[in-house]
Amino acid sequence: MPVKVFGSPASAEVARVLTCLFEKDVEFQLIRVDSFRGPKRMPQYLKLQPHGEALTFEDGNVTLVESRKILRHIADKYKQQGYKDLFGPGALERASIEQWLQTEAHSFDIPSADMVYSLAYLPPDMPLDGRAGAGGGLAPAAGSGMHPSHRQKVEEMLQLLEKSRKDLGKLLDIYDQRLAEEEYLAGSKFTLADLSHLPNADRLAADPRSARLIESRKNVSRWWYTVSARDAWKRVKELQRPPSAEAPF
């Protein structure tokens, strides 16, 4: 009985799991539960909670819903097939991988999701450095003509963006130091530590307003170029393409 994954490939949680399944050459069935489709994608996306999108994973009598637990399950159960270094060869390597998985879950995931969420709401042409004074707020020109409720929402999104940018900047400085010493986060080989970052890092890299967080750090940029080029991630990106972008049969 093949593994079953219920969810949308556009979800970071689902994309994380699909990447792991591709890396391990595990046969699976994807049952798409898409939260949004086609031209109406953006308004519906904004109605989603920025964290925790729907995911269910079934493997025989095992049912899991948290993506990082699923990664550990796949890497452990199918360790003899596909790419064999995802969870490390021994206890020492696994401890380092676990440390970085925890860092991704608790320090990278939330601010990166917040940044993606706020940028999805803010107009692409809005000057993000047009804040007025030390107290923040919209510059007069940027806020003119806005309905008060919309203006308030924009203010909230700008504050969320600023906080997430600051938090991510501090964290990625630590990553840059680590990646000056090692090719990958947990050592010399690509592991779950790197894989778990792929979905949200890809969203950051795709938007010019957030891509600089990666591009301005030499070692993080080199690492991202390497991990994002993996075949498993490219296959997930293909699954993420909206129906309107798919080639006709």
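**Helices and selected residues of the predicted model**

Ser11 caps the N-terminal end of helix α1, with a side-chain oxygen 3.2 Å from the backbone nitrogen of Glu13. The model is predicted, so local features need pLDDT of at least 70 and side-chain atom pairs count only at pLDDT 80 or more, while totals for chains, interfaces and linings use all residues. Residues are numbered from 1 along each chain as its sequence is written, and side-chain values use heavy atoms, without hydrogens or water. Helices (H or I, at least four residues) and strands (E, at least two) are DSSP runs, numbered from the N terminus.

Helix α1 covers residues 12-23. Its 12 residues should span 16 Å at 1.5 Å a residue, and the end C-alpha atoms are 17 Å apart, which agrees. The expected span is 1.5 Å times one less than the number of residues. In α1, 12 of the 12 residues are buried, so the helix is largely enclosed by the rest of the structure. Buried means under 20% relative accessible area, exposed over 50%, and partly exposed in between (1.4 Å probe, protein chains only). The buried set includes the charged side chains Glu13, Arg16 and Glu23. Asp25 follows α1 and sits in the loop between α1 and β2 (28-32). Its phi is near 55°, a positive value in a residue other than glycine. Asp25 is exposed, with a relative accessible area of 53%.

Helix α3 (residues 67-77) is also largely enclosed by the rest of the structure, because 8 of its 11 residues are buried. Among them are Ile70, Leu71 and Ile74, together with Arg68, Arg72 and His73. The buried residues of α3 pack against α1, β3 (55-59), β4 (62-64), α4 and α7 (192-195). Here contact means heavy atoms within 4.5 Å.

Helix α4 (residues 91-121) has 31 residues. From first to last C-alpha it reaches 43 Å, close to the 45 Å expected at 1.5 Å a residue. A kink of about 45° lies at Phe108, shortly before the proline Pro111. The bend at a residue is the angle between axes fitted to the seven residues ending there and the seven starting there.

Helices α8 (residues 198-206) and α9 (residues 208-215) have axes that come within 5 Å and cross at roughly 115°. These axes are lines fitted to C-alpha atoms over the stretch in contact, with angles from 0 to 180 degrees between N-to-C directions. Ala201, Arg203, Leu204, Ala205 and Ala206 in α8 meet Pro208, Ser210, Ala211 and Ile214 in α9. By class, this contact has 7 nonpolar, 1 polar and 1 charged residues. Ala, Val, Leu, Ile, Met, Phe, Trp, Tyr, Cys and Pro count as nonpolar, Asp, Glu, Lys and Arg as charged, and the others, Gly among them, as polar.

Asp202 lies in α8. At 14% relative accessibility, Asp202 counts as buried. Its side chain makes a polar contact with that of Lys237 at 2.7 Å. A polar contact is a pair of N or O atoms within 3.5 Å; within protein, one must be able to donate a hydrogen and the other to accept it, and residues adjacent in sequence count only if both atoms are side-chain atoms. Leaving aside neighbours within four places in sequence, Asp202 is in contact with Trp224, Trp233 and Lys237. Asp202 and Trp233 are 31 residues apart in sequence and 9.9 Å apart in space, C-alpha to C-alpha.

Arg217 is found in the loop between α9 and α10 (218-227). Arg217 is buried, with a relative accessible area of 12%. Its side chain reaches the backbone oxygen of Leu213 at 2.8 Å.
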